[in-house]
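Visitor: Please pick one part of this model and take me through it closely. I would also like to hear about the chain it belongs to.

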Amino acid sequence: MNTRELLTESFDEDRRKEKREEKESVPVIDDSQPMKDLVLRRITFEGLTTIKEDYMMFHLLSFIPELQNVHNGVSSQPAQLSYYLLHTKAYLMQTIPGLEDIEFFLDDLDEDHYRGVPVELKIRVKERKFHLDVGAGFTDTAPYMDIKRNHLFGRGEFLVVKGDYDVIDKSWKGEVTLQKPLYEIGPQAHLRASFVTGLNDRNVQSAYKELYNEIYLGFKHLNHSVEYSGCWRDVKVSPNTSFAVRSNAGDSLKSSIRHTYTVTRPDTHYSIIHEFAGLGGDVRHFKQEAQFKHDNYSALSRYLPNWSLHFWGGAGVLWNLGNKSLINDRFIMGGPSDVRGFQIGGIGPRTDNEALGGEVYMKGGLHIRSQPFFFQEERNASMFYRFHAFLNFGNLANFQGTRAQTFTSLLQRNMRSSVGFGVLVNVTPSVFLEINLTHALRTFDRDRTNAFQVALNARF
């Protein structure tokens, strides 16, 4: 064989090798290619560094139970895929935290395999060990930042360090949380342990500050969560504070258990909370709250195209089981992310200058929100600017006389209300800046109102 023939044979062999490598490396993510006719003989994972293979396999089998035979390697009849692998990718990316990307590969795929010849499924995973998140809570004005270490022990556990700062009342909070999923019970089931420290600055509305340290243990499954909290609180006041506030000064220990039922759908969110304090310490009460929001994007489409309708509301009651309720356990009302048009703590019992909080409340709002009027031609304009108008109402009181008399007064005689309009500017996908002009329709003697309000919010 001469030199030319050797070079030609070598070149042909290299080309055959390249074609084999290209064939093996072609992803099978294709929404037009049904995989139900492909039979598997083995499943392997590539790229796993911290995530354990059995954890990945558990979630894969949860979505495609037919793969169980292949995984166990005991069946003489290989399993068949019954879903598109494209859908499997979406499921795993949503279910397993810390996945940056996932791809599926089949070895030597040709026409024979569609006739039942078994193939090997390779799942290539790209992990993300750390995650940085910035956002805001559902009903508060405190933007937060957290750093999360995913898959601390390889099976969905994470450690998160979180901090937030309320731009309205200057409060802050730091939190360290360890969470372990109980994926054998359910996809959302988990155990959680946290240590929280922070400062609630109520100087503006109630002339006190509260330092606190809290230990938190919780369990969540489906829509239910049960939490235990042991919290040391220290209320500090200035010498000029009224006696009604100064009588709450000093430290207290609250030991409580709480049950929360939460339902979240694409257009609806509501929660019901029951809390009992009195498992030790010097705070004794039973507290109940309910909150909801609903978004309707089609109700106004006939008369006001590009406008949507939003409702929100809440109610709560504090049943005191001791001598009196403490100011840092009572509800407060008002503010740019609550009943707009009123200051934080601007509704309810108060001295001349300080809000004292209340033991029973109800509130709600009706909002209409638009697509942007400006820059309609720009594709991303709707992500950054919106206009809205609103009607808000609410009331906060203490128990006086019989319970029936208190609720009648709350619902009928002392209801506050306000209207306004403003602009919403998106800061992140879940946080927006809300700038409002408001007018209080109904107030009482000691209420505190604001005609112009600015806040960070995440309600809608």
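Guide: Gladly! A word on surface first: accessible areas here come from the Shrake-Rupley method with a 1.4 Å probe. By that method the chain has an accessible surface of about 24700 Å², and carbon and sulfur atoms account for 55% of it. Please keep in mind that this is a predicted model. The chain has 460 residues, of which 42% are buried, and its secondary structure consists of seven helices and 19 strands. Taking contacts between residues at least 6 apart in sequence, 57% join residues at least 24 apart.

The part I would pick is Glu 275, which sits in strand 12, spanning residues 268-281. Is this residue buried or exposed? With a relative accessible area of 4%, Glu 275 falls under the 20% cut-off and therefore counts as buried. Which side chains does the side chain of Glu 275 meet in polar contacts? One is that of Lys 254, at 3.2 Å, and another is that of His 285, at 2.9 Å. Setting aside neighbours within four places in sequence, the contacts of Glu 275 are Lys 254, Ser 256, Ile 257, Arg 258, His 285, Phe 286 and Lys 287.

As a general point, side chains of opposite charge can pair when their charged atoms come close. Across the whole structure, a search finds 16 salt bridges. One of them joins Glu 434 to Arg 340, with the closest N and O atoms 2.6 Å apart. Glu 434 lies in strand 18 (residues 431-442), while Arg 340 is in the loop between strand 14 (307-320) and strand 15 (360-370); the pair links distant parts of the chain, 94 residues apart. Both Glu 434 and Arg 340 are buried. Glu 275 returns at this point: salt bridges with shared partners join Glu 275, Lys 254, Arg 258, Arg 233 and Asp 329 into one network.

In one, Lys 89 meets Asp 101, the closest N and O atoms being 3.3 Å apart. Lys 89 belongs to helix 4 (residues 85-95) and Asp 101 to strand 2, so this pair ties together parts 12 residues apart in sequence. Lys 89 is partly exposed at 22% relative accessibility, and Asp 101 is partly exposed too, at 27%. In the other example, the side chains of Lys 173 and Asp 164 form a salt bridge at 3.9 Å, N to O. Here Lys 173 is partly exposed, with a relative accessible area of 28%, whereas Asp 164 is buried at 15%.

Strand 2 runs antiparallel to strand 3 (residues 119-127), and seven bridges join the two. Within that pairing, Glu 103 stands opposite Arg 124 of strand 3.

Strand 6 (residues 158-165) and strand 7 (residues 172-181) are antiparallel and share eight bridges. Strand 7 is also antiparallel to strand 8 (residues 190-201), with 10 bridges between them.

One last stop is Leu 456, in strand 19 (residues 452-457). Leu 456 is buried, at 17% relative accessibility. The C-alpha atom of Leu 456 is separated by 9.0 Å from that of Asp 166, although the two residues are 290 apart along the chain.

Definitions and conventions
Residues numbered from 1 in each chain as written. Predicted model: local features only at pLDDT ≥ 70, side-chain atom pairs only at ≥ 80, totals over all residues. Heavy atoms only, no water. Helix = DSSP H or I, 4+ residues; strand = E, 2+ residues; numbered from the N terminus. Buried < 20%, exposed > 50% of the residue type's maximum accessible area, 1.4 Å probe, protein only. Polar contact = N/O pair within 3.5 Å; in protein donor to acceptor, adjacent residues only side chain to side chain. Contact = heavy atoms within 4.5 Å. Pairing = 2+ DSSP bridges. Salt bridge = Lys/Arg side-chain N within 4 Å of Asp/Glu carboxyl O.
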